[in-house]
Amino acid sequence: LAKGLESLRDQPCETTCGHRLNLWVNTGLMADVMRSLDRGAEGVGLYRTEVPFLLRDRFPGEEEQTRIYRQQLEAFAPRPVTMRTLDVGGDKALPYFPIEEANPFLGWRGLRVTLDHPEIFLVQVRAMLKASEDLDNLRIMLPMVTNMAELEAANGLIMRAFNEVMEEGHRLVYPPVGVMIEVPAAVYQAREFAARADFLSVGSNDLTQYLLAVDRNNARVADLYQSLHPAVLRALMQVVEAAASEDCDVSICGEMAGDPGAAVLLMAMGYDILSMSATNLPKVKSVLRALSREQADTLLQDVLALTSASEVEALINERLTSLG
Ligand code: PEP
Ligand code: MG
């Protein structure tokens, strides 16, 4: 089986009727890069920059970051690499930057931290930009965006970093800047974000957690953590529709994109970039290549009439089984 999946690497992710989808990967370590290229990843939808930060005992400096980012960008060039700005807080704590709070997931995390510490943000963005010189495959993505002012502030800092680095003599193209949709508020303002950002990317791990008020790491409520909950599916539909109405690129980079059944629904909704862990890529590709867009659309229509995640899951399994 593993061998069969390997041979999929050079085949496009295309339905039986010729609808083409882009399968990208989520990375953090250099090890992910090799695995991703082996499996035919067409780009990186989420490079978690906090991973190299977590592996050190202090903040990596600008040169060190530039080196790390260059490796990622070079390995995938000319394919696009979406680098997320530092996303610490919540469940991700840097040992050398402790954050103690009663409600970390509702607290100081993601862009909230880096906008309060523009020096951290600027060094990181400068490093990303310098690393992208002559490759031009960088995309910058902002985590935990909750309001327009945060996007504007981040854009201002990115512009400043770009101008500085250009003045220092680097040859750069301005990277696309995207917003993660992972806070419910952003779903309801997806259209406004789509009008102001170059792309949207749904972080379904956090979006599920926040929509359902279920801690993504709490085993006691793990059964309630349902990415196929009808409310989550409606939110995902709303985002893709908002993006389409503003002609804005939209992707999804949460774990659910790597679940073959969920991937079928996401394709039917109109997501055309699914970013997942490299491990899941061949499985998702083989399922998407086995059905037509019409079959996926029918499944989505039927799923949208259901009222619980368990029913959704059962229906998906039934349809996928009947496909063989
Ligand atoms: C997400 O929230 O869905 C996501 C992709 O980011 P992370 O899992 O790193 O929070
Ligand atoms: Mg997240």
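Which residues surround ligand 1? In this predicted model, the shell consists of Leu-46, Arg-48, Asp-87, Glu-182, Gly-203, Ser-204, Asn-205, Asp-206, Cys-253 and Gly-254. Two elements give two or more residues each to this shell: strand 2 (44-48) and helix 10 (204-212). Helix 10 supplies the largest share, three residues. By class, the shell around ligand 1 divides as follows.

| Class | Residues in the shell around ligand 1 |
|---|---|
| Nonpolar | two residues |
| Polar | four residues |

**The nonpolar core**

In soluble globular proteins, nonpolar side chains tend to be buried together. Here the largest nonpolar core has 88 residues. Val-179, Ile-181, Ala-190, Leu-200, Val-239, Leu-266 and Leu-274 have the most contacts inside this core. For Ile-181, neighbours within four places in sequence are left aside, and the contacts are then Ala-186, Val-187, Ala-190, Leu-200, Ser-201, Val-202, Gly-203, Leu-207 and Val-239. One of these contacts, Gly-203, also belongs to the shell around ligand 1.

**Helix 12**

Leu-266, listed above for its contacts in the core, is one of the buried residues of helix 12. This helix covers residues 260-269 and is largely enclosed by the rest of the structure, because nine of its 10 residues are buried. The buried residues are Gly-261, Ala-262, Ala-263, Val-264, Leu-265, Leu-266, Met-267, Ala-268 and Met-269. After helix 12 comes Gly-270, which has a positive phi, near 120 degrees.

Terms used: Residues are numbered from 1 along each chain as its sequence is written. Chains are lettered from A and ligands numbered from 1 in the order in which they are written. This is a predicted model: local features need pLDDT of at least 70, side-chain atom pairs count only at pLDDT 80 or more; totals for chains, interfaces and linings use all residues. A residue is near a molecule or strand if its C-beta atom, placed from the backbone, lies within 6 Å of it. Helices (H or I, at least four residues) and strands (E, at least two) are DSSP runs, numbered from the N terminus. Ala, Val, Leu, Ile, Met, Phe, Trp, Tyr, Cys and Pro count as nonpolar, Asp, Glu, Lys and Arg as charged, and the others, Gly among them, as polar. A nonpolar core is a set of buried Ala, Val, Leu, Ile, Met, Phe, Trp, Tyr and Cys residues joined through C-beta atoms within 7 Å. A residue is buried if 20 or more other C-beta atoms lie within 10 Å of its own, exposed if 12 or fewer, and partly exposed in between; C-beta atoms are placed from the backbone. Two residues are in contact if their C-beta atoms, placed from the backbone, lie within 7 Å.
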